[in-house]
Amino acid sequence: MAAYKPSDYELLRRRCAELKEQGWKQSKIAQALGLTQGWVSRTLKKYRQEGQASLTWRKPSGPDCRLTNEQIVQLLAELNKGAEHHGFSGAVWTRPRVNEVIKK
């Protein structure tokens, strides 16, 4: 199987749908595009259910924030006090430092 960038998959999904509409079988589409039959099957199923919109590439949204809005406001207030206020040497906030403040 070929290696593609995430943004390349929109073109592959569109080509996959085109080939299917031309009467190609899923196994031949997978072989021609260098993809698995499972990927082609999932792509075509989604295309049948959602139409052209399913072919568009969208950046993954990532996980939902585990902090409530109130907790985010509290965190920002604490971060605005500065890293040294929280016992860190230097004024630079790093991810581990922010995580430690979140845990407190």
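Here are a few notes on the protein chain, which comes from a predicted model.

1. Start with the fold. The protein chain has 5 helices and 0 strands. Read from the N terminus, its elements go α-α-α-α-α. The chain is more spread out than a compact globule, because its radius of gyration is 23 Å, well over the 13 Å that the globule rule gives for 104 residues.

2. Next, look at the outline. Taken along the principal axes, the box filled by the C-alpha atoms of the protein chain is roughly 65 × 25 × 15 Å.

3. Of the 104 residues in the protein chain, 25% count as buried, which here takes a relative accessible area under 20%.

4. What about contacts along the sequence? Take the contacts in the protein chain between residues at least 6 apart in sequence: 42% of them join residues at least 24 apart.

5. A word on charge. The protein chain carries 19 positive and 10 negative charges. How far apart are the mean positions of the positive and negative charges? They sit 9 Å from each other.

6. Finally, zoom in on helix H4, residues 69-80. With 12 residues at 1.5 Å a residue, H4 should span 16 Å, and its end C-alpha atoms are 17 Å apart, so the two values agree. Just after H4 comes glycine 82, whose phi is positive, at about 100°.

Note on methods
Residues numbered from 1 in each chain as written. Predicted model: local features only at pLDDT ≥ 70, side-chain atom pairs only at ≥ 80, totals over all residues. Heavy atoms only, no water. Helix = DSSP H or I, 4+ residues; strand = E, 2+ residues; numbered from the N terminus. Rg over C-alpha atoms; globule rule 2.2 N^0.38 Å. Buried < 20%, exposed > 50% of the residue type's maximum accessible area, 1.4 Å probe, protein only. Contact = heavy atoms within 4.5 Å. Lys, Arg positive; Asp, Glu negative; His and termini not counted. Charge placed at Lys NZ, Arg CZ, Asp CG, Glu CD. Expected span 1.5 Å × (residues − 1).
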